Amino acid sequence: MATLAITDGRVLLPDATVTRADVLIDQDAGEILEVGNDLAGAGDETLDAANALVTPGFVNGHCHVAMTLLRGYADDKTLDAWLQEDIWPAEAELTPEDVHVGAELGLLEMIKSGTTAFADMYFEVPEIADAVETAGLRARLGHGVVTVAADDEAAREDAQTSIDVARDLDGMADGRISTAFMPHSLTTVGEEYLDEFVPKAREAGVPIHYHANETADEVAPIMEEHGMRPLAYAAEKGMLESEDFVAHGVHVDESEISLLAEAGTSVIHCPASNMKLASGMAPVQRMLDAGVSVGLGTDGAASNNDLSLLDEARDAAMIGKLAAEDASAVSAESVSALLTHATADAIGIDTGRLEAGAPADLAVVDLEKPHLTPAHDLVSHLAYAIAAADVRHTICDGQVLMRDREVTTLDEDAVRERAHEHATALIDRAEA
Ligand SMILES: [Zn+2]
């Protein structure tokens, strides 16, 4: 058994308290053996965490990781105009290799900001899975289905691809990869395809993940066509089970909040994307108070424009207070849960808790920074002050993915260079 000791750190425990302790890891099993004192001698290898906060690795509940190639390509537009005029035409030109390169860039950014697990909806998913396997993170991956503007044959093929991807890739990378069926949203996938393919997802035993209630413009057509709120429609289509999770949940009314709480379906809050596209303010504290399972996600880099969960945490706290008109809403303690175990639970990945027997997924954050001085309350720092560049080491499944800011599983310069080349060529093709 190879062991790793993370020594002398201040450790964030699942109950949101912080204690001085060492953490001992079984690297072969990818598991935390012990959180305690005087464990430094027990490790074959040690990682210094003096003057650092040791937290569970951060969990990104909703992403389109390969969209890093479109970062900064189109900004300052409404969701509808942004998708139709810029994003979809560019995505139509994406090759499998582009997706691979974009995914590597996103994964590099995640490792450098302490993220160790994420949920992702995109195309060419085997390319993303391959990049995840190399990079060393955990992920729940799926193929996004869009049937509007497709003929029946193409629409059915797209939906079947999502089922096939979910079946074929589940359990890949020694179990670090899991999957879901991912219809893009309730307005971009036709009812007949939901009727046909949702039961197939249940047969395959995979959860369902989709965008829901993101903008007011997305709610109105469902009310008109089906005479009910979007999440009532989702429940009728069998898409509101306890393992399912929806992205956004901005425009939800009280009846939908009750439905979510009763069903146990999780909502992934994406505050930066919601602010940037002026989609609205999700009622996060109201959902938490009602007992809804809430997680946190960055959405794609084109609507954020970075993949740092730490930025997202601060955004969630700020906009949560504004939405509730209450400075005590979405507290630092709530945000520390959103960064870790709450989002892990929402997307059904076993991680996010720093305790014996848990998966060894951790981030070690340097506290010797002007903006982190003094250190009255490290949970407050996690929510409001720590930034991506403060992460010193990142560990997933017992493996050190970044040591002293140096990523071990990807060649940072090569990944950036390839991403630059592929992004430039992609936009040349899209605008030709
Ligand atoms: Zn999204």
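This is a predicted model: local features need pLDDT of at least 70, side-chain atom pairs count only at pLDDT 80 or more; totals for chains, interfaces and linings use all residues.

Student: At what angle do H2 and H15 pack?
Tutor: Helix H2 (residues 96-112) meets helix H15 (residues 412-431) at about 135 degrees, and the axes lie 9 Å apart.

Student: Why are they called oblique to each other?
Tutor: Angles over 145 degrees count as roughly antiparallel and 65 to 115 as roughly perpendicular, with the rest oblique, so H2 and H15 are oblique to each other.

Student: Is the crossing left-handed or right-handed?
Tutor: H2 crosses H15 in the left-handed sense.

Student: Which residues meet there?
Tutor: From H2, they include Val-101, Leu-105 and Leu-108, and from H15, Val-415, Ala-419 and Leu-426 are among them. Charged residues take part too, including Glu-97 and Lys-112 in H2 and Arg-416 and Arg-429 in H15. By class, the contact has eight charged, six nonpolar and one polar residue.

Student: Okay, new topic. Which residues of H6 are buried?
Tutor: In H6 (residues 216-226), those are Glu-218, Val-219, Ile-222 and His-226. They span an arc of only 100 degrees around the axis, so they sit on the same side of H6.

Student: And what's exposed on the other side of H6?
Tutor: Asp-217 and Glu-224 are exposed there.

Student: What do the buried residues of H6 pack against?
Tutor: Their partners are helix H5 (191-204), strand E11 (209-212) and helix H7 (230-236).

Student: Which residue follows H6?
Tutor: Gly-227 does, with a positive phi near 70 degrees.

Conventions: Residues are numbered from 1 along each chain as its sequence is written. Side-chain values use heavy atoms; hydrogens and water are left out. Axes are lines fitted to C-alpha atoms, for helices over the stretch in contact, and angles run from 0 to 180 degrees between N-to-C directions. Helices (H or I, at least four residues) and strands (E, at least two) are DSSP runs, numbered from the N terminus. Angles under 35 degrees count as roughly parallel, over 145 as roughly antiparallel, 65 to 115 as roughly perpendicular and the rest as oblique. A crossing is left-handed if the near helix is turned anticlockwise from the far one by less than a right angle, and right-handed if clockwise. Contact means heavy atoms within 4.5 Å. Buried means under 20% relative accessible area, exposed over 50%, partly exposed in between (1.4 Å probe, protein chains only). The arc is that of the directions from the helix axis to the C-beta atoms.
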